[in-house]
Amino acid sequence: MQAACVMRRTYNPRDLSSLKIADNAIVADRVELVKNDGDVRAIQLVKSSGTPFQILAVGDLDDVTRVHCFVYGAQEVWELGESRSHRLPEPLVARMLAAQVKKLGDVQVLGLGSVEQDTGRDTLPGLVAAALGWELFSNVLSLRIEDQRAHLTQVTDQGTQEIDVPLPVCVSADESCTVGRDPSDEYDLIEKLEKRGSRKTTLAEMGVAAAAASASELANPPERQAQPVVASGPDSVSRVAEMLRRFQA
Amino acid sequence: MKSVLIIGERDASGAVQNATLELLALTQARKLPADVVMEDGDRPRLLQTLSAHGANRVWFLTGNVSRYSARKLACAIDAICQKIGVDSLWGSSSLRSRDLLSYCAGLAGGDVIGAVRGVEHGPAGWIITSEAYAGRVVRRDRPSARFTSLAFASTGVAATARESAAAVAAESFDVNGSDVRFVGDVVVPEREEGVQLKDADVVLDVGAGVGAKGVIEAKKLLSLLLATGARASIGGTRVVTDAALLPRATQIGVSGIPVSAKLVVAVGVSGAPQHWVGIKDCGSIVAVNTDAEAPLMRMADVPIHGDGLAFLKELGALMTAGLTDAQKAALKQATEAKRARPAATGTVAPMSAEPVEPLSDAPLKVDVRSLEFDAFHVYKVDRLDPAWNREKLAPLLRKVATYAESSLNRGKRTAEEIHCRFLPGEENEQQAVVTPPGLKEAFQEYYRSGFGRFFVPRRFGGLEVPHGFLDLVSEIVNAGSVTMGTAFELTQGASLILQNFGNEWMKDVLIPGLYDGRFQGTMCLTEPQAGSDLGAVATTAERIDGSELFTINGTKIFITAGDHDMAENFVHIVLAKIKSISQRGTRAISLFVVPKFWIDEEGRSGEFNRVFTQSIEHKHGMTTSPTTVLKFDGARGLLIAPDLEDEVLQPSGMKAMFFMMNYMRHETGTAARAQAMATCLDTLIYNTERTQGQAVIDRGRLKGPSPIFHHASQKKVLLDMFARTLAGRGLTLRLTEIRDASDRALEHELEAVAKEMQALGLSSEQQRRIAEIEKSVTAVDRRLGKAEVGRLTFRKDPAALAALEREQTILRRERDALRAALGTVSPAYRDLRDRAAQARRDKADEETYASIYTSLVKAQVTDDNIRTLNEGMNAYGGIGFMAETPVSQRLKDSQVLCIWEGTNDIQALNTVGRQIAPDNTDSRGRVVFERLIADIREFIAEHRGYPVFADSVAHVAESVDALERFRNTITRARPADRRAYRRRMHGSIFARPDVAAQAAAEGRWAEMVQASARNFSTYLAQVIQAWQLLRMGVAADGLLQQRTAGVEPAAEDRQFDDDFLRGRVLLANHFVASPNCMDRGLLHWERQFYHSVPWPLKREQLCDAAERITVA
């Protein structure tokens, strides 16, 4: 029995303030690709359960991330397809991941981040769980695997709850999950691992049909009109007090 | 899109959530028939509400729905979709809705769109508007799949109930029967009073700009609003919730909750994209900020420029004045109810004897760009070791910066208020110190992240990053917390001693425990009677018969990180005297490793080893660092020495301890530089935000006051601060540069020799013979080493010294004979062995050279830091003295850096007494000081006339000449200097003074040298600093010239824009030109040296009653 974890590379959210739309394309001044933070949390979550795992990267990886995947403890790293996830529709990404999980055979746990941190897309966990027909528990804080069952703590809209569920299961890590944060406690392996390569597989090899190009129209959000700045003082305080009083019962 | 099924949700009272009703309103507006599927409950009430809002039919899910299996629920919803033939499933952005919408889309093989903000029907069909990239991109999609799930962030349509509506049909759908088991109850997170954030009409949005007091005022205002019946709530930015000023569940923004209130009052919120996305859908936004240019001020409907805290207070007062009697009564009742409620957990620090209200932390920002420039363009830490290139090092640097900015900086002020706590009493004898909240987590994260292995050589399981890189990591960590930085460095220092002098057990078992953070390393030197004079150490070690163990007894004071609750065990490195030793002073000292809990062969901590924490020191600064008094009361210890029997006869503990001491001196300098750099950045930011008076450059072009930064006097101060701090970095990185280059050269040569040795193809007989001879060589070398140490011991005993020299001569002959014997077995082997030995000598020479920098780094950088922090505090004005301004705490913390690891006066004496002496030479006979001066002159020769640095280089050249003259004079390095000495002290170079007069003159001269030692070491350090800053400047100017020539910079170098590079040029020239950076006294050293020494001095000349200056 083993697990699989997803690794996506996304734009660095810190760079988003410079992001704009021009000619129906997204442009930014200085954009760096980083590991999707949620996926790293999920890797650490799965790793904390002691289950051996493989990493399924969407698209190709850079050298450092590839090395880090091994450093996290992955037994194998797969690079699925050629495009990074934020360029692909989530249903297609879900089909790719599900196909590869099935191909690996004995995977019983799939871990991934709740959100793609740059685009904000957050529906991949549900899509991939559905494609596999597995139980889905999103926003998980801790994970323990025993006797073919997963024991986990999940954040819900109401609070946190403890769950015991038979495998297989798809889990996404909550943003506040701090289990074994990266980079890793096994950095010394970098030297041994840097010559180790990942395994690549194409959509055709996975048996997944490529999706038609997205026809989204992209636009900049409407800008708020800047208002004249007023100095703090009795007038401005009275004005805000008046605004607040409108909401009295 | 023909028909819609809406995933309905209920609020805490069981009523239909407003978000569900808004979705229904949207279907009504778009004339789409809509069914609702939701958890069963109070059916009549739910049906009444849903029919009034236009639902077509309601599907009640019965069974365990509130604690659900997403798969089971989604399968049920999918079945309903198929049964009624809907082609679109809608829901809100709640966690449950998101799971179900995506799972159902997956089951149906359809599409799913998140963050939906609108649905319209156009000529070509339905158009879905959604957002991505934290609201920076608006997408418009036409659904092509036969089934589409939509997760709505907002509908833009208000829910309105119809007065008369037909009864709506209800159906049931059972979802029981799942293998999922729920254990215990749902734990509801802590929340503030008021309505749920997403349901509130009014939201008070609090940012870091108003601090803890602002949060308290905002909470008071919330109580007022609630008393008036307003549907109000409070939320905050991530910084505020991270600092535990508000519960995590109240965080607004992309990683928190989006709100859609009718009115948001944002106080002290800058408006970063990640936060803005959470409030941008609200009706009106009032923003109050001291920074009129903050992003939110440009987007708010009512931007108010002013102090947020004062604004909240005034607003609260005004609102209170307007309360009716009934509202006042409601407010009073609510306040009393709150007082009666037990305090919420999590926000009150559990450590303090008295509850301490969490204080806001000033944000920390590490200037990673500046670090990268020095690392990769000036000192090229990525060029030496192929295992560590820039691609690997740069992300690590950024990761450490993130760790410092978040984990280390979080809760720092609260921790400083709480201090460490000592728990006396027998029940706490094994763990007597508790650290403030947050430290343990940060400590563990450091080691869990692998940072503890950076320092350790690969052969011990470490990562062995370049020393230069490690120094920058240390700068970042210490900027986050000098307490934690020191704790980590002590562990590294202990590891260093064990790597070099420890036995196999120490290397195999203790070192991994140290770099994994299970064990804390400490340095136990000082005793009540033995401070700077370690020869007075009274701690004893007595060998346990028939064992390699010793019993240690004694008391050590000022032991940093000597006990705490962050690590599992402690590895104390202890100076003690073996009882049977006849030597006295520092020559009698040996070094022991004494664990607090005994450690077995597997590295497990076991029984208590009788190391008692007697108290913690009460300090002026660094109050979160546990500085302890430790009593070793029959504790067991192991000798740290390569040969136990030799060590028992001739102790060498001080030599080993100096390995750690010198490492800590270097790290202390870096810790100081970190404080200075963080203060430079804080001060710069404050100076650009704070306006006072009108600057000369703003006359006639600005109506109001100018930012402080525009005033010329402040610009000068900032330049001094930055130049001095970067100069400290340059001085330290020059030290690591030498060390890195020599490490790699040795490694490279030894690898080459090993390869060639393998290729020799020695027979087994040859190998056996070589092994025998090598064993003898090792024994002879060890005896020679001991004899060398003995020369110092017996230097005042001519007979013993002569005997020792005879022994050395015999040993050298023996060694030569052994070498010849090796040559007879295999000449090629002998030659290769000689090559390896030479490589090791070369490395030792480089270490000898590097050692001249160590005391300078410790003394100069820590002294400069105090000066920089003082200037920083002044630049703030009154607020600089307040506890919430980080510089005030940094100043308190930094003062000890000038004291520990040998006070800065002792460092100066080391520099003048040892390092610059003419007999401080390496194995090739090169005088260390002269080598240093030659290196600086080589740079000067290469850059004399360099266009933008011509004046600076000329001044450095002049300073080097003056420095060399000063040094030659005080060390009497040349015949001319010796003659000058005789003339000055005895009146003539031919004078023949009697023994007493000669001794008096020598004594006076020694006093003059001592008295001017601090000045000399300052001058020496500043000349090196100027040289290093000019190196940085030349590197920056080189990049500027490339840009001018049209060379496109590499992607990773684009961050070094023209302003940054010109800044580096400016700072280099400023350092040399400013008397606040480079002391002009060097050019007048003779006057200071010969005439300003306060000799003779009586205390009565300074004070009429000495008792007045006596300190207990």
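Two strands count as paired if DSSP finds at least two bridges between them. The exercises below apply this criterion, among others, to a predicted model.

**Exercise 1. Identify which strand of chain A pairs with strand E7 (residues 137–141) of chain B, and in which sense, parallel or antiparallel.**

Solution. 
- Step 1. Strands of a sheet pair through backbone hydrogen bonds, either parallel or antiparallel.
- Step 2. The partner in chain A is strand E14 (residues 217–219), and the pairing with E7(B) is antiparallel, over 3 bridges.
- Step 3. In this pairing Glu217(A) stands opposite Arg140(B) in E7(B).
- Step 4. Another pairing between the chains joins strand E11 (residues 160–166) of chain A to strand E10 (residues 181–187) of chain B, antiparallel over 4 bridges. Here Asp164(A) stands opposite Arg181(B).

**Exercise 2. Determine how many residues of chain B are in contact with chain A, and which helix of chain B gives the most to that side.**

Solution. 
- Step 1. The contact involves 91 residues of chain B and 74 residues of chain A.
- Step 2. On the side of chain B that touches chain A, helix H4 (residues 95–108) of chain B gives the most, with 10 residues.
- Step 3. By residue class, this side of chain B comprises 45 nonpolar, 19 polar and 27 charged residues.

**Exercise 3. Decide whether Leu127(A) is buried or exposed, and list its contacts beyond four places in sequence.**

Solution. 
- Step 1. Leu127(A) belongs to helix H4 (residues 124–132) of chain A.
- Step 2. The threshold for a buried residue is 20 or more other C-beta atoms within 10 Å. Leu127(A) has 31 C-beta neighbours inside 10 Å and therefore counts as buried.
- Step 3. Leaving aside neighbours within four places in sequence, the contacts of Leu127(A) in chain A are Glu90(A), Pro91(A) and Ala94(A); those in chain B are Ser102(B), Ala105(B), Gly106(B) and Val112(B).
- Step 4. For one of these, Ala94(A), the separation from Leu127(A) is 33 residues in sequence and 5.8 Å in space, C-alpha to C-alpha.
- Step 5. For chain A as a whole, buried residues make up 48% of the 249 residues.

**Exercise 4. Give the strand order of the open sheet of 6 strands, and name its edge strands.**

Solution. 
- Step 1. The order is E15(A)-E15(B)-E14(B)-E13(B)-E11(B)-E12(B), with parallel pairing.
- Step 2. The edge strands, each pairing on one side only, are strand E15 (230–231) of chain A and strand E12 (232–236) of chain B.
- Step 3. Inside the sheet, strand E11 (residues 202–206) and strand E13 (residues 263–267) of chain B pair over 5 bridges in the parallel sense. Val202(B) has Leu263(B) as its bridge partner in E13(B).
- Step 4. Helix H5 (residues 211–227) of chain B lies across E11, E12 and E13 of chain B, at about 175 degrees to E11(B).

**Exercise 5. State the mean pLDDT of chain B and where the pLDDT is below 50.**

Solution. 
- Step 1. The mean pLDDT of chain B is 88, with 95% of its residues reaching 70 or more.
- Step 2. The pLDDT is below 50 over residues 342–356 of chain B, a stretch with 24 contacts beyond near neighbours in sequence.
- Step 3. The pLDDT is also below 50 over residues 1108–1112 of chain B, where the corresponding number of contacts is 2.
- Step 4. The scores of the model are ipTM 0.93 and pTM 0.61.

Technical notes. Residues numbered from 1 in each chain as written. Chains lettered and ligands numbered in written order. Predicted model: local features only at pLDDT ≥ 70, side-chain atom pairs only at ≥ 80, totals over all residues. Contact = placed C-beta atoms within 7 Å. Helix = DSSP H or I, 4+ residues; strand = E, 2+ residues; numbered from the N terminus. Nonpolar A, V, L, I, M, F, W, Y, C, P; charged D, E, K, R; others polar. pLDDT = per-residue confidence, 0-100. Axes fitted to C-alpha atoms, helices over the stretch in contact; angles between N-to-C directions. Buried ≥ 20, exposed ≤ 12 C-beta atoms within 10 Å, placed from the backbone.
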